[in-house]
Amino acid sequence: MSAMEEMLKRENVQIVQSCIDWEDAVHVAVQPLVDGGFVTPAYIDGIIQNAHEMGPYFVLVPDLALLHARPEQGVLKKQLAVTVLREGAEFKPGEPCRVLVTLAAEDSDSHIDVMRTLAMMFADPGNIEKVATAQTADDVYHLFTDFPTA
């Protein structure tokens, strides 16, 4: 089993039409991890609070956000969630973001292999577009778990 398959459960992948605003998008994107017992609801608040203090630090490139907070802000077990927002959420004015990857990391090391895979995957903007336009949540899941690693 690959690091990605260990870190991303199929039930944590969803496609959503739209959200009210960026804070609602954070709630929607993190909720599968709350429901699965990977983070506490405080993790959602931590991400939002951090963004109010530091700006949208988690928007890595156009159309991609890596939502995360510090482990002590509510992480129980490591896991990823992926949310595709068909209409995007504006974390930065005029820059809608359609792919939200939520990372719950227990420490600074255990998720390194997955981060390496995500970095390779999203180095190509075409892969972000494939995820953003995937037809089903199963398709999104397989784009992540079938991505070739090194």
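This is a predicted model: local features need pLDDT of at least 70, side-chain atom pairs count only at pLDDT 80 or more; totals for chains, interfaces and linings use all residues.
Okay, let's start with Arg 10 and Asp 138: their side chains meet in a salt bridge, 2.5 Å from N to O.

Now the next pair. Arg 98 and Asp 63 have their side chains in a salt bridge at 2.6 Å, N to O. Arg 98 sits in strand β5 and Asp 63 in the loop between β2 and β3, so this contact ties together parts that are 35 residues apart in sequence. Buried or exposed? Arg 98 counts as buried, at 18% relative accessibility, and Asp 63 is buried as well, at 15%.

Asp 113 and Arg 116 meet at 2.8 Å, N to O. They're 3 residues apart in helix α4, residues 112-122, which puts about one helical turn between them. Asp 113 is partly exposed at 46%, and so is Arg 116 at 47%. The total count is 5 salt bridges, by the way.

Okay, on to the sheet. Five strands make an open sheet, in the order β1-β4-β5-β3-β2, with mixed pairing. At the edges you have β1, residues 8-16, and β2, residues 59-61, each pairing on one side only. On average, neighbouring strands are turned by 25 degrees against each other, ignoring direction.

Let's stay on β5, residues 95-104, for a moment. Of its 10 residues, 8 are buried, so this strand is largely enclosed by the rest of the structure. What does β5 pair with? With β4, residues 79-92, the pairing is antiparallel over 9 bridges, and Val 84 stands opposite Val 99 there. The hairpin joining β4 and β5 has 2 residues between the strands, and Gly 94 takes a positive phi near 80 degrees. With β3, residues 64-67, β5 pairs in the parallel sense over 4 bridges. Ala 65 faces Leu 100, and Leu 67 has Thr 102 as its bridge partner.

Last bit, the annotation. An unreviewed UniProt entry places a "PTS EIIA type-2" domain at residues 6-147. Over that stretch, the chain is 41% helix and 28% strand, and the end C-alpha atoms are 14 Å apart.

Notes
Residues are numbered from 1 along each chain as its sequence is written. Side-chain values use heavy atoms; hydrogens and water are left out. Buried means under 20% relative accessible area, exposed over 50%, partly exposed in between (1.4 Å probe, protein chains only). Two strands pair if DSSP finds at least two bridges between them. Axes are lines fitted to C-alpha atoms, for helices over the stretch in contact, and angles run from 0 to 180 degrees between N-to-C directions. UniProt positions are given in the numbering used here, feature names are shortened, and annotations may be inferred rather than shown by experiment. A salt bridge is a side-chain nitrogen of Lys or Arg within 4 Å of a carboxyl oxygen of Asp or Glu.
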